[in-house]
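Hello,

Here is the structure I promised to pass on. Please open it first; my notes follow below.

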Amino acid sequence: MEVVLKHNTPLDVCAHAIRTCWQSFDKSDEGGEKDKALIDRVGNKYKHASTLEHLVYSFYIQGISRALLQELARHRIASLSVKSTRYTLKELKKIEPFAKDDYEGASSFIVLTGNEDVDSASIQALNNLQTLLKKGISNDLAKFALPECYKTELTWTINARSLQNFLALRSSKSALWEIRNLAYALYNALPQEHKYLFSDSITDLSE
C-alpha cells in the first residue's frame, strides 16, 4: 500500500471562512498560530465542525484490495476516481499462471493476508480469471470473477470533517487490518501543520 498526498487546502482558507462569521479578519495571522488555534477551537472544541469542511485533501492511494475499496464507499462524503478494470485487466493476459505458493509473484496483483490457505485460494482465483481472459472473454464480463483481494488504486478527495470521522472509525482495533493500515498511512501523509486537527481522531498504535 502506498499513499501520496496530491493536494490540500491551506489552513488560512479555513480560518478565513471562520472569520467570515464574525468579520474578524483583522485578527488573522495568515494561517499562523492564531489562525490554527481558531480552527481547532471552533471546529474541534466548540464542535462547529462544518467549518472544517473548507479543508480538503486529495490522496493517491495504490495497492489496496477491492474489499477495502468497498469499505471506502461507506464513507460517502468523499470523491473516488478508481482504476478501471474494464481497461486494465489486459495486464493479466501477458503473464503465465502463478503457482499456488508463488506469493511474491501474485502480490503484484492481489493483497495477501498472511494466511496460507486464504492466499493460495486467492492465487487460484487469480489464475481462474486469467483463464477466462485468455479465452477471449471480454473484460466487462470476466471482471465478475475478480477476487476481492485484487489490487486497485484510486484518487480520493475528502474534507477534514469527514476525514476525522474516517480516522476515528478505521484506526480502531476493531477495524479490518487493511483499512486500519490505510488510516495510519493517510494520517502520516498529511502536512505536519495539519496533523494537530486529527490527533484526537487517530487511535495510538501502541494501544
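Helices here are DSSP runs of H or I with at least four residues, numbered from the N terminus. On that numbering, α9 spans 177–189, and K195 sits in the segment after it. Bear in mind that this is a predicted model.

Overall fold first. The chain carries 9 helices and 4 strands. Their order along the sequence is β-α-α-β-α-β-α-α-α-α-β-α-α. The radius of gyration is 21 Å, well over the 17 Å that the globule rule gives for 207 residues, so the chain is more spread out than a compact globule. Its C-alpha atoms fill a box of roughly 70 × 35 × 25 Å along the principal axes.

Next, packing and surface. Of the 207 residues, 43% are buried. Take the contacts between residues at least 6 apart in sequence: 72% of them join residues at least 24 apart.

What is the nearest side chain of opposite charge to K195, and how far away is it? It is E193, at 9.0 Å. A salt bridge needs a side-chain nitrogen within 4 Å of a carboxyl oxygen. K195 has no salt bridge, yet K195 is buried. Beyond its neighbours within four places in sequence, K195 is in contact with Y187, N188 and L190.

Best regards

Technical notes: Residues numbered from 1 in each chain as written. Predicted model: local features only at pLDDT ≥ 70, side-chain atom pairs only at ≥ 80, totals over all residues. Heavy atoms only, no water. Helix = DSSP H or I, 4+ residues; strand = E, 2+ residues; numbered from the N terminus. Rg over C-alpha atoms; globule rule 2.2 N^0.38 Å. Buried < 20%, exposed > 50% of the residue type's maximum accessible area, 1.4 Å probe, protein only. Contact = heavy atoms within 4.5 Å. Lys, Arg positive; Asp, Glu negative; His and termini not counted.
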